[in-house]
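Please read the following briefing alongside the sequence and the three-dimensional structure shown below. It opens with a question about strand pairing and then moves on to topics in turn.

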Protein chains: 2
Amino acid sequence: MKQLIGAAVVGQSGGPTAAINATLAGVIKGSLENKGAVSVLYGMKNGIEGLLREDFADLTAIFDGNEEMLETLAATPAAALGSCRKKLPKPAEDREFYENLISIFKKYDIRYFFYIGGNDSMDTVAKLTEYLQGGCDWEMRVIGVPKTIDNDLAGTDHTPGYGSAAKYIATTVSEINRDCAVYTVPAVTIVEIMGRDAGWLTAAAGLPALFSRPAPDYIYLPEVPFSKDKFIEDVKNALLKHPNVVIAVSEGVRDENGKYAGEGAQSGAADVFGHKYLSGTGKALELLVKEKIGCKVRSVELNICQRCAAHLQSGADISESLGVAQAAVVAAVNGKTGCMMAMEREGGRIVFEPKEIAGIANAVRSVPRSMINEEGNNVTEECLKYIYPLIQGEVQIKYENGLPVHFVL
Amino acid sequence: MKQLIGAAVVGQSGGPTAAINATLAGVIKGSLENKGAVSVLYGMKNGIEGLLREDFADLTAIFDGNEEMLETLAATPAAALGSCRKKLPKPAEDREFYENLISIFKKYDIRYFFYIGGNDSMDTVAKLTEYLQGGCDWEMRVIGVPKTIDNDLAGTDHTPGYGSAAKYIATTVSEINRDCAVYTVPAVTIVEIMGRDAGWLTAAAGLPALFSRPAPDYIYLPEVPFSKDKFIEDVKNALLKHPNVVIAVSEGVRDENGKYAGEGAQSGAADVFGHKYLSGTGKALELLVKEKIGCKVRSVELNICQRCAAHLQSGADISESLGVAQAAVVAAVNGKTGCMMAMEREGGRIVFEPKEIAGIANAVRSVPRSMINEEGNNVTEECLKYIYPLIQGEVQIKYENGLPVHFVL
């Protein structure tokens with residue numbers, strides 16, 4: 001393997017998570033530990049957009065010798081470098097775009113490209129790889145580092161960021177379960193959880209059940225068709241058993257024709273300005289329960305808190321997010337390119353291995369049918385046992401003045 | 001002072017908080033430490049309702065000698081004994097009701113009555129006191145122990161439960177601020193916070209500003225009239241300064257005629273069933289920004305999470321919640337009755353003192369005008385310095401299987 005010496009760039013892309021900065025910290029750590037190959041590490045501000053306008057932060061200068069600052073970075077939610085949602089053109093359709101990119105790489109002697117993100121980011125890695133492999137006079141190595149709370153990336157057992165979101169969801173729903181148990185009046189609480197196409201996040205709400213703790217009565221994922229009639233029947237059955245019914249539902253549940261559960265209210269309701277009312281799935285189901293059952297009902301949308309609650313990071317997630325990124329740098333230095341670093345379970349532990357990007361980008365990994373019960377209104381023990389190791393361990397977050405300390409670039 | 005020996009009852013009432021079980025733990029601790037006077041401590045299930053149906057838990061039997069279980073109780077959100085919202089009749093209007101109560105007290109030899117709650121609960125304490133003082137052949141001592149996330153109880157510097165909610169809000173809004181900072185596209189995020197009549201909770205969103213950390217651009221409390229025109233003007237001004245505008249708003253903001261900001265959308269929108277759409281204040285302002293400014297906008301309702309997120313308890317709050325309850329038992333044993341235990345600042349520390357219940361029940365303590373800026377769109381440094389000590393310190397929550405351990409009766 002030929003040794004390649006030069007600068008590296010790293011970018012963060014797509015939606016924020018509680019662990020994406022831990023992954024960034026891992027790339028920084030990996031680069032500092034491989035100075036023989038990586039002379040300097042630049043951070044692209046706002047992902048590929050920052051690269052195009054040559055807007056970099058010298059991460060080597062900022063973090064070299066500052067272990068404590070690196071720890072603070074790892075505990076900071078959202079993307080410290082900023083993010084973007086830019087989709088790259090196809091190499092065959094816009095060679096000029098890539099020629100411009102290469103000229104920037106040449107200008108800064110950039111030989112390593114690390115991109116942290118989900119599906120769209122892996123698409124960026126795949127396209128850049130395709131261009132470079134199509135004959136280019138600039139040798140460089142390109143590696144994607146996974147990140148998404150949705151846990152829907154193909155080619156990896158799970159994704160960094162998911163474990164912390166799952167821990168937040170399981171903890172919060174557990175607290176909501178306690179909160180709802182205090183009154184004796186029949187009441188339904190519907191918790192709406194992120195994940196338009198994959199139900200991994202919503203499934204995490206069921207974790208307390210693995211330990212015979214109070215958990216949602218029913219859990220609805222987008223992977224199986226959602227029936228409003230069946231939902232009302234389920235809620236009625238739950239109310240017969242106890243007065244405090246808690247439901248977890250994915251924002252993306254839809255009927256067999258693909259119509260979202262929230263769509264009815266969206267198209268039927270108009271606000272004071274005559275706009276269509278964009279209610280969420282939880283709100284729509286709240287109205288449905290009010291209409292069909294008439295009991296006390298409320299909906300709680302965990303919203304962006306579930307992706308940015310870094311104060312409740314999962315120890316396992318953060319350690320893996322750091323580890324997979326460090327492994328990415330080592331793999332690149334050792335000659336790997338055109339890959340995403342994946343995580344696989346081997347026995348009880350997680351191993352990191354580079355996988356060819358081509359088969360990964362733009363594929364979605366859903367919750368398999370075997371992890372959802374036959375009725376389609378809960379997850380199976382197999383599912384909970386899959387999630388269980390990912391939420392283990394707590395991170396000792398540093399507090400100052402009563403608030404968690406965050407890194408700000 | 002005459003020594004009174006007998007059983008004690010304790011109840012929890014009103015909305016759940018992250019600290020109300022710490023207060024219960026304080027009453028238990030105080031009772032166990034004063035066995036010479038308190039022979040046994042009963043917990044009323046679902047507050048006064050449980051008392052009326054003689055549904056008790058023997059807390060002395062459960063917790064005596066089990067310090068660890070007491071710690072778990074203190075870290076458990078919501079009311080472990082269950083809660084109720086029952087309002088007592090006036091003693092002059094329904095003597096029979098009180099005669100029945102007294103007969104239950106006699107039956108169980110109950111000489112001490114501790115009631116943990118907010119305004120409605122203090123009303124219960126006041127009415128029972130009034131009845132007892134009006135000539136009754138049963139001697140007993142009645143003390144209210146404050147609890148409310150709203151911090152709106154009169155006669156006390158602040159209330160147990162508020163500090164933990166404030167810490168959760170300040171932390172979460174801090175995380176939301178980071179989350180919103182990742183993109184460069186102009187966007188407005190509106191965070192709706194509890195507190196229909198008092199803005200204390202919403203004010204806590206401003207805490208990061210005390211340390212020059214990113215904080216909401218504007219904060220709107222229910223104590224000053226809310227103008228939608230002024231709000232839009234404020235948001236436009238903020239967008240001129242930076243693309244990521246964050247707003248904190250109380251659910252209870254209303255215009256000078258008392259019309260809630262959420263009311264417009266409530267009366268204008270109808271759902272698929274023809275129901276009036278019960279949108280929240282945040283949702284209504286989200287629609288307003290969309291209409292008047294047209295930029296990307298979203299609203300986040302912290303909802304019941306802000307009152308039950310025990311995983312993020314404030315160390316100061318929990319220590320005070322325990323302390324004020326222990327002090328209540330000591331005060332009762334020493335002859336006090338007809339009081340609420342209040343918390344006062346003396347120099348840098350908090351002291352507990354019993355205050356006559358008559359002047360406290362049914363009064364609301366709002367955020368004073370001096371703690372709100374002249375424009376009415378933010379809080380002052382005086383306000384933040386008042387809140388600051390209440391969110392200090394973290395509680396080392398016990399985790400098992402990756403989730404916080406909760407006490408279940």
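Which residue in strand 2 of chain A is the bridge partner of Gly6(A)? In this predicted model, the partner of Gly6(A) in that strand is Val38(A).

- An open sheet of 7 strands is formed in chain A, in the order 3-2-1-4-5-10-11, and its pairing is mixed.
- Strand 3 (56–58) and strand 11 (349–356) of chain A each have a single partner strand and stand at the edges, so one side of each has no neighbour in the sheet.
- From one strand to the next, the twist averages 30°.

**Overall form of chain A**

- Chain A has a secondary structure of 14 helices and 13 strands.
- The radius of gyration of chain A is 23 Å, close to the 22 Å that the globule rule gives for 409 residues, and chain A is therefore as compact as a globular protein of that length.
- Taken along the principal axes, the box filled by the C-alpha atoms of chain A is roughly 70 × 45 × 45 Å.
- Of the 409 residues in chain A, 62% are buried.
- When contacts in chain A between residues at least 6 apart in sequence are considered, 77% of them join residues at least 24 apart.

**Nonpolar cores**

- The largest nonpolar core contains 86 residues, and those with the most contacts inside it are Ile169(A), Ile387(A), Ile169(B), Ile176(B) and Ile387(B).
- Once its neighbours within four places in sequence are left aside, Ile169(A) is in contact with Ile193(A), Leu201(A), Ala204(A), Ala205(A), Leu302(A) and Gln306(A).
- Another core, of 39 residues, lies apart from the largest one, and its members include Val38(B), Leu59(B), Ile143(B) and Ile318(B).
- In soluble globular proteins generally, nonpolar side chains tend to be buried together.

**Relation between the two chains**

- Chain A is superposed on chain B by a rotation of 180° with 0.0 Å of shift along its axis, at an RMSD of 0.0 Å.
- This is the relation of a two-fold axis.
- Both copies use the same surface, in that 100% of the contact residues of chain A recur in chain B.

Key: Residues are numbered from 1 along each chain as its sequence is written. Chains are lettered from A and ligands numbered from 1 in the order in which they are written. This is a predicted model: local features need pLDDT of at least 70, side-chain atom pairs count only at pLDDT 80 or more; totals for chains, interfaces and linings use all residues. Side-chain values use heavy atoms; hydrogens and water are left out. A nonpolar core is a set of buried Ala, Val, Leu, Ile, Met, Phe, Trp, Tyr and Cys residues joined through side-chain atoms within 4.5 Å. Buried means under 20% relative accessible area, exposed over 50%, partly exposed in between (1.4 Å probe, protein chains only). Contact means heavy atoms within 4.5 Å. Two strands pair if DSSP finds at least two bridges between them. Helices (H or I, at least four residues) and strands (E, at least two) are DSSP runs, numbered from the N terminus. Axes are lines fitted to C-alpha atoms, for helices over the stretch in contact, and angles run from 0 to 180 degrees between N-to-C directions. Copies are superposed by least squares on the C-alpha atoms of residues with pLDDT of at least 70 in both. The radius of gyration is taken over C-alpha atoms; the globule rule is 2.2 Å times the number of residues to the power 0.38.
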